[in-house]
Amino acid sequence: MFSVNHQKFMEMDELSLQKVPYFFIIDFLSENVEIYQEHEIKKEGLIIDFQTFSNTKEIHKLNKKVVWKSYPETLENFQTGFNKVQENIRLGNSYLVNYTRKTRIETNLTLEEIFYHSNAKYKVFYKDFFVFFSPETFVKIIDGKIFTYPMKGTIDASIENAAEILKNDRKEKAEHYTVVDLLRNDLSMVADDVKVDQFQHIDFIKTQQKDLYAMSSKISGKIKPEFEGKVGSIMQKILPAGSILGAPKPKTLEIILDAEGYDRGYYTGICGWFDGQNVDSCVMIRFIEKQEDQLYFKSGGGITHMSKLEDEYQEMKNKIYVPIH
């Protein structure tokens with residue numbers, strides 16, 4: 001169906017075993033794995049802003065009113081893939097599917113301006129090809145331990161008692177439980193003593209369009225001896241990221257490739273910085289891509305047997321924003 005790039009994962013292992021710092025970018029299907037040592041980053045037209053690594057420059061204030069238009073597909077279009085997903089859930093082939101869409105957008109901002117003026121924990125601008133501003137950590141590896149922080153479930157913060165409603169929403173809760181369970185299993189492939197350290201923590205996210213609450217948890221484990229220092233092998237084992245795929249993983253991947261009908265490419269892949277000892281990586285969501293002269297925003301959400309078509313369509317549209325203030 002597709003070919004994982006084993007060679008590149010081995011290269012990552014070699015560098016991490018030698019403790020050579022590098023930045024890596026891996027697309028959704030692990031077909032394209034790119035590795036940049038520190039001196040190569042700048043000349044590749046890559047600007048990165050992580051908490052653990054940044055090569056940004058000083059910027060001026062944005063002296064223009066932001067123009068932002070999106071052209072989402074019709075509900076009928078959205079429904080075609082949604083029905084395929086629901087049918088597979090009914091048949092028991094999957095119990096959580098992350099269904100995503102590609103939406104044309106128009107803005108007077110360049111990708112680089114979006115990079116510099118958006119607020120997010122993880123931001124990357126890549127060769128005038130894509131930009132993302134992601135709130136979601138994939139995994140962190142710190143002193144031989146691995147951590148992940150699944151984020152599932154969002155709500156408009158302006159709703160009264162929004163945080164409480166989110167915590168008690170049956171669908172969001174079920175989705176969150178599933179992803180926590182899935183990622184706990186994923187970490188168990190590369191780590192021992194895997195446990196959930198924090199469950200259903202509520203985070204506040206500020207954006208230009210609206211403020212949101214999001215639900216996250218924290219899972220940790222101790223890297224198994226055979227994976228120690230092998231960043232590439234660890235990534236290869238646990239990709240694609242469970243939070244943007246669903247469960248069980250192999251079958252759900254088949255469902256996604258059939259239902260979405262477009263190529264995710266780097267969207268929902270991962271990228272990260274290895275500093276010579278530790279790793280900080282993120283899931284590439286909140287993602288804008290340039291194809292010829294058009295800009296596309298890729299977004300979506302988790303579908304379970306409780307999902308309602310109109311709500312999922314609305315969620316997909318709600319996520320087409322840039323957190324600029």
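## Cis peptide bonds

Pro248 sits in the loop between β13 and α8 (249-260). Its peptide bond from Ala247 is cis, with omega near -10°. A cis bond also joins Leu239 and Pro240, where omega is about -10°. Pro240 belongs to the loop between α7 (231-238) and β13 (246-247). Helices here are DSSP runs of H or I with at least four residues, strands are E runs of at least two, and both are numbered from the N terminus.

This is a predicted model: local features need pLDDT of at least 70, side-chain atom pairs count only at pLDDT 80 or more, and totals for chains, interfaces and linings use all residues. Residues are numbered from 1 along each chain as its sequence is written, and side-chain values use heavy atoms, with hydrogens and water left out.

Thr268 is not a glycine, yet its phi is positive, about 65°. The residue lies in the loop between α8 and β14 (270-274). Thr268 is buried, at a relative accessible area of 1%.

Asp128 also has a positive phi, near 55°. Its loop runs between β6 (122-126) and β7 (130-134). Asp128 is partly exposed, at 38% relative accessibility. Buried means under 20% relative accessible area, exposed over 50%, and partly exposed in between, using a 1.4 Å probe and protein chains only.

## Helices α3 and α9

Helix α3 (residues 75-90) packs on helix α9 (residues 309-318) at an angle of about 110°, with the axes 10 Å apart. Axes are lines fitted to C-alpha atoms, for helices over the stretch in contact; angles run from 0 to 180 degrees between N-to-C directions. The two helices, α3 and α9, are therefore roughly perpendicular (65 to 115 degrees; under 35 is roughly parallel, over 145 roughly antiparallel, the rest oblique).

From α3, Leu75, Phe78, Gln79 and Phe82 meet Leu309, Glu310, Glu312, Tyr313 and Met316 of α9. Contact means heavy atoms within 4.5 Å. The α3 and α9 contact residues comprise six nonpolar, one polar and two charged. Nonpolar covers Ala, Val, Leu, Ile, Met, Phe, Trp, Tyr, Cys and Pro; charged covers Asp, Glu, Lys and Arg; the others, Gly among them, are polar.

## Helices α6 and α7

The axes of helix α6 (residues 170-190) and α7 come within 9 Å and cross at roughly 145°. Asp186, Met189 and Val190 of α6 make the contact with Ile234, Lys237 and Ile238 of α7. That contact of α6 with α7 has four nonpolar, no polar and two charged residues.
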